[in-house]
Amino acid sequence: MTTGAPTPTYPARPRRSRLRTFLPLGIAAWLLLEIWLLTVVAGAASGFTVFLLLLAGFVLGAVAIKRAGRRAFQNLNQALQRGTAPSSGGGNGLMMLGGLLLMIPGLISDVVGLVLLIPPVQKALSRYTERTVERRLREAAPGTLGDAFQQARMHRPDGKVVQGEVIRDEPRDTPQDPRRPLTG
């Protein structure tokens, strides 16, 4: 029985991105490969040997993460004492990622984690990542997140762009704050 009300039409579902389609499949394949490799190594050596390898990877990963975090904290402290911006991480992020991969149980993740702990590999990957991010920000279309990083502007509701600087005018009878200004 119909009521005479029109049937609602829904817009077509947007296509799933390739990443959303293949990422779960890639993770499942990686997990199966890790389990298969662990069983092969356990059959060739022993289960206790595999346990010791996984335990050593976990301990080494924890040490790498702790060391990278300590180095990043020291860089931040030195930069704050100098009153400058912190220098580039020097591979701290990649060292933390390598440590995390070492802590994940599996032999393939351990090998990738160990490779990420090698300083020349860290430098090459950080240069590649930096170039890729800069290129994508340059190629960003107007209105995207990359465009927002490139432009420091205030947009008015009518669409006009107003460039300017905010200056706070405070009365002089208040005690001056001993903190340094954030700019400069």
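This is a predicted model: local features need pLDDT of at least 70, side-chain atom pairs count only at pLDDT 80 or more; totals for chains, interfaces and linings use all residues.
**Following helix H2 through the model**

The crossing of helices H2 and H3 is left-handed. The chain holds six helices and two strands, and from the N terminus on the elements run α-α-α-α-α-α-β-β.

Now let us look at the chain as a whole. Of its 184 residues, 14% count as buried. The accessible surface comes to about 15600 Å², and carbon and sulfur atoms make up 64% of that surface.

Helix H2 itself covers residues 47–82. Its 36 residues should span 52 Å at 1.5 Å a residue, and because its end C-alpha atoms are 53 Å apart, the two values agree. Just after H2 comes glycine 83, with a positive phi of about 80°.

Which residues of H2 are buried? They are Val50, Gly57, Gly61, Ala64, Ala68 and Ala79. An α-helix has 3.6 residues a turn, so residues three or four places apart point the same way. The buried residues of H2 pack against helix H1 (18–44), helix H3 (92–103) and helix H4 (107–116).

Let us return to the pair we began with. The axes of H2 and H3 come within 7 Å and cross at roughly 160°. An angle over 145 degrees counts as roughly antiparallel, so H2 is roughly antiparallel to H3. Where they meet, H2 brings residues including Gly57, Gly61, Ala64 and Ala68, while H3 brings residues including Met95, Met96, Gly99 and Met103.

Notes. Residues are numbered from 1 along each chain as its sequence is written. Side-chain values use heavy atoms; hydrogens and water are left out. Helices (H or I, at least four residues) and strands (E, at least two) are DSSP runs, numbered from the N terminus. Buried means under 20% relative accessible area, exposed over 50%, partly exposed in between (1.4 Å probe, protein chains only). Accessible areas come from the Shrake-Rupley method with a 1.4 Å probe; for residues, only the protein chains shown count as cover. The expected span of a helix is 1.5 Å times one less than its number of residues. Contact means heavy atoms within 4.5 Å. Axes are lines fitted to C-alpha atoms, for helices over the stretch in contact, and angles run from 0 to 180 degrees between N-to-C directions. Angles under 35 degrees count as roughly parallel, over 145 as roughly antiparallel, 65 to 115 as roughly perpendicular and the rest as oblique. A crossing is left-handed if the near helix is turned anticlockwise from the far one by less than a right angle, and right-handed if clockwise.
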